[in-house]
Amino acid sequence: MGEETKELRRLVIKAYHVREVQWGSENEVTENGILTVDEESSGRYKRGKEEYISDISFRIIRPEERDQYTNTIMDIIPISAKVLGDIGDGITHTLTGVYVILTGVDTVCKQTHEFGSSEGNLLEQMKYGKAGTPGENDAMITFDVTLQEGMGQIRAGVTAAHRACDEFVQEFREQLRKFHGDKCTERHEFYDVVRPGKKKVLIIKQVAGQGAMYDMHLFAKEPSGVEGSRSIIDMGNMPVLVTPNEYRDGILRSMQ
């Protein structure tokens, strides 16, 4: 007899490759691989957050332009959108060839950090081509937040920066979810399966939850998102079960 398996969840990730990132009059991504950033739009993401955020600016950094200064890197964010289902099942559209990089400093030039900061030469401060980092040929859009003095070391200030960046990424998600499925450049299927009677494997991942700005959010509405997410600190730092497909689909958001 063959080994019995039960499929619990099926996740389909369709990737669309971005071949050019450029400045434009609006934040837009097209199915033919052109992404434009409106440099003048940065101010609207701090609305309602002025208590924490002083300024926001963008930079487009192409692969050959990485030899330049960066403020501390708070997060590396793929642009992905749920099309069908919840995080961990259904269909997700994602962009390849580009990442959003959230960086931060405050008005008195204190880098946003808890135990250590990563400001410096971008070419040296990031390991490229690793799981969760841009590849050698990927473009980056830096979402550089200048926080009010002292706000880079408290949860509220750092969370405000993440929420502002999430609003920016959401504009692209809304367009990405409408892309035609048959025009993707890559398609991958993943299954959560159980094998009755076989050994069960549990991977334990320790996440940030010490307080201050050292935090982790889960269960957002969008992959690698913030809106609708919950802080592991607010959940009492208790163990939380996630499936392999939920993890793969971006259910965790590091708030460091």
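Guide: Happy to. Keep in mind that this is a predicted model.

Visitor: How many bridges join β1 to β9, and do the strands run parallel or antiparallel?
Guide: There are seven bridges between β1 (residues 6-17) and β9 (residues 90-96), and the two strands run parallel.

Visitor: What sheet do they belong to, and in which order do its strands come?
Guide: It is an open sheet of four strands with mixed pairing, ordered β8-β9-β1-β13. β8 (80-84) and β13 (186-194) each have a single partner strand, so one side of each has no neighbour in the sheet. On average, neighbouring strands here are turned by 25° against each other, direction ignored.

Visitor: Which strands does helix α2 lie across?
Guide: Helix α2, residues 155-176, lies across β1, β8 and β9, and runs at about 35° to β8.

Visitor: Switching topic: are the faces of β4 covered or open?
Guide: Both faces of β4 (residues 34-37) are covered, with Ile 34 and Thr 36 buried on one side and Leu 35 and Val 37 buried on the other.

Visitor: And what pairs with β4?
Guide: β2 (residues 20-23) pairs with β4 in the parallel sense over four bridges, while β3 (residues 28-29) pairs with β4 in the antiparallel sense over two. Leu 35 stands opposite Val 21 and is also the bridge partner of Val 29.

Visitor: What about the turn between β3 and β4?
Guide: The two strands form a hairpin with four residues between them, and Gly 33 in the turn has a positive phi of about 90°.

Technical notes:
Residues are numbered from 1 along each chain as its sequence is written. This is a predicted model: local features need pLDDT of at least 70, side-chain atom pairs count only at pLDDT 80 or more; totals for chains, interfaces and linings use all residues. Side-chain values use heavy atoms; hydrogens and water are left out. Two strands pair if DSSP finds at least two bridges between them. Axes are lines fitted to C-alpha atoms, for helices over the stretch in contact, and angles run from 0 to 180 degrees between N-to-C directions. Contact means heavy atoms within 4.5 Å. Buried means under 20% relative accessible area, exposed over 50%, partly exposed in between (1.4 Å probe, protein chains only).
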